[in-house]
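The exercises below ask you to work from the sequence and the coordinates together. Try each task before you read the solution that follows.

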Amino acid sequence: MTNPLGTLWRSRWGRFTDREQLEYWRQARLAETLRRAPKRYRFYRGISGDCLDDFPIMDKATWLENFAGLNIAGVTLEQARAVGRRAEADRSFSGKVAGLSVGLSSGTSGRQGVFLTSRMERAHWAAAMIGRALPRPLGGRQRVAMVLRAGGPLYDSVSMPGIAFRFIDLLAGVSTQQRQLQDFGPTILAAPPAALDIYERAVRRGELSLRPRTIYSVADVLDDQLRDRLHATFQVTIGQIYQATEGFLGISCPQGTLHLNDDLVHVEREPVGGEPRRFIPVITDFTRVSQAIIRYRMGDVLVAAEKPCACESPLTQIDAIEGRADDMLRLPNAQGIPTILFADFIRNAILGAPGVDDFRLVHRHGVIELAVTPHTAWKSADRALRELCERQGLCCPDTVRTDFVVEPLAIKRRRVQVAD
Ligand SMILES: [Zn+2]
C-alpha cells in the first residue's frame with residue numbers, strides 16, 4: 001500500500017482529467033488486488049486471481065459466514081464481534097484483535113456487520129475523505145464535525161495542520177450533540193439526515209446556532225424535501241457522502257453531484273427491476289487489505305445519472321442513493337405479476353401529499369401499515385399512495401393506520417420497509 005499522503009494528494013489535487021486515464025489506473029489497481037487475494041486470504045486459495053469472474057459475488061450474509069477466511073489474520077467473527085461490542089459499550093472505540101481495529105455497522109439489514117481495519121487503512125480512508133470533502137481552495141482553517149454512530153476505528157485518525165476534526169457520537173443524545181456542535185462551530189458538518197433534520201429545526205427555533213459552509217448527509221438516504229429545507233435554512237450546498245462500514249464509496253462534488261470513488265473502488269452494476277439506470281453496486285475495494293472486499297454486494301439501490309456533471313470529473317455520477325434493495329415493494333400489476341415499486345417513488349409521493357410532515361410504511365403479509373405525522377394527514381398520504389399505484393398500473397394492497405414513532409437516532413431511518 002502506498003503512503004497516505006499519496007492518497008491525499010491524488011484525492012485532492014491529482015484529479016483524473018479523463019476516463020481513459022482513470023481506467024488505466026483502476027485496471028492496474030484491480031489486477032493487483034485480485035492477484036494478491038489468493039495469497040492473502042484463505043477463502044480464495046486455489047483461485048487463479050487472473051480475472052474478476054474467478055471470484056464469487058458475496059452478499060453480507062455469505063461474507064460474514066466466511067469471515068475468518070476473508071481477513072489476513074484469520075480472526076473469527078465471534079472474536080471480532082466480542083471485541084467490537086465491548087469497545088462500543090464503553091464508548092472507547094479502541095478494541096483491537098490481532099492488531100486490527102474492530103468496527104460494527106448499524107445492522108439494519110439483519111446481522112450486524114463487523115469490519116477490521118489497520119492503522120494504515122484508516123489513514124488512507126481519512127486522507128481520501130479529507131481530500132474530497134474540503135473546499136478548494138481551503139479558505140482558512142476548517143473545522144470538520146462528523147456525527148456518526150460510532151467513533152469507531154475508522155474515524156479517529158484525522159489530524160492535520162489547518163484542519164480540526166471532531167467526531168460526535170450519534171448515540172450520545174441530541175442535547176449533548178447540539179452542545180458539542182455549538183462549541184465546536186463546524187465549517188463542515190457531516191451527519192445522517194435524521195440528525196440534520198433535528199439540528200435544522202433547532203436552528204430555526206433559535207435553540208442552536210450553526211453556520212457550516214458545507215453540509216454532507218452521510219450514511220442514509222437524503223430525500224429532496226429535507227435537502228431543500230436544509231438549503232433554505234443554511235444557504236449552502238447540501239452534499240452526500242456515500243460511506244458505509246464497507247468503505248468510502250462516494251462523495252458529492254462542488255456542483256452537488258454524487259460521484260462514486262472509482263479510483264478507490266471498482267463498482268460492478270447489478271441491474272434492478274429492468275430499469276437501465278437503477279443498479280445494486282457490487283464493489284471491489286483496492287484500499288482494503290486487512291479484509292477482502294472483493295465483489296461484495298452492497299444492499300443499496302443506486303440511480304445512475306443521465307447527464308454529465310458540470311465539474312467534468314470522469315468519476316461515475318449518481319443521481320440518488322435510493323435505499324436498501326430489500327425495501328423495494330413488489331406489488332401485483334393488472335395481470336397479477338409482482339412488480340417492483342421503488343422506495344423513492346413512494347417517498348416523493350407521500351412526502352409531497354398535502355399536510356404530510358413525515359411517514360413510515362411497512363409492507364407486511366400483503367398489507368401496508370402506514371404511519372403518518374401529523375395524524376390528521378393520514379388520508380392525504382393514503383390517497384397519494386393509491387394514486388401512485390394507479391399511475392404505475394399496480395394494485396394497491398389494503399392499508400392500515402399505525403402510530404407514527406420516531407426511531408432512535410442511531411437506528412437507520414427506513415421510511416419504506418418490507419417486513420416479509
Ligand atoms: Zn461533479
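**Exercise 1.** Is Cys253 buried or exposed?

*Solution.* Bear in mind at the outset that the model is predicted. Residues under 20% relative accessible area are classed as buried. Cys253 has a relative accessibility of 13% and therefore counts as buried. The cut-off applies likewise to His259, which is buried because its relative accessible area is 4%.

**Exercise 2.** Identify the protein donors of the zinc ion, and then describe their geometry and their spacing in sequence.

*Solution.* Begin with the atoms: SG of Cys253, NE2 of His259, SG of Cys309 and SG of Cys311 are the protein donors, and they lie 2.1 to 2.3 Å from the zinc ion. Next take the angles among the 4 donor atoms, which run from 102 to 118 degrees, and the site is tetrahedral. Finally, read along the sequence, where the donor residues follow the spacing C-x5-H-x49-C-x1-C.

**Exercise 3.** Which residues have the most contacts inside the largest nonpolar core?

*Solution.* The largest nonpolar core has 61 residues, and within it Tyr44, Trp63, Phe67 and Ile241 have the most contacts. Helix α5, residues 119-133, gives the most to this core, with 6 residues. For Tyr44, set aside neighbours within four places in sequence; its contacts then include Phe55, Leu70 and Ile294.

**Exercise 4.** Describe how domain 1 and domain 2 meet.

*Solution.* First locate the parts: domain 1 covers 1-325 and domain 2 covers 328-418. Their C-alpha centres lie 29 Å apart. Then turn to the interface, where 28 residues of domain 1 are in contact with 17 residues of domain 2, and where the buried area is about 2,000 Å², with 52% given by carbon and sulfur atoms.

Methods. Residues are numbered from 1 along each chain as its sequence is written. This is a predicted model: local features need pLDDT of at least 70, side-chain atom pairs count only at pLDDT 80 or more; totals for chains, interfaces and linings use all residues. Side-chain values use heavy atoms; hydrogens and water are left out. Donors are N, O and S atoms within 2.8 Å of the metal (3.2 Å for Na, K and Ca); water is not among the atoms, so sites may look incomplete. Four donors count as tetrahedral if all angles lie between 85 and 135 degrees; four count as square planar and six as octahedral if opposite donors are over 155 degrees apart and all others between 65 and 115; anything else is irregular. Buried means under 20% relative accessible area, exposed over 50%, partly exposed in between (1.4 Å probe, protein chains only). A nonpolar core is a set of buried Ala, Val, Leu, Ile, Met, Phe, Trp, Tyr and Cys residues joined through side-chain atoms within 4.5 Å. Helices (H or I, at least four residues) and strands (E, at least two) are DSSP runs, numbered from the N terminus. Contact means heavy atoms within 4.5 Å. Domain bounds come from an automatic or database domain assignment. Buried area is the accessible area (1.4 Å probe) that two parts lose on being put together, summed over both.
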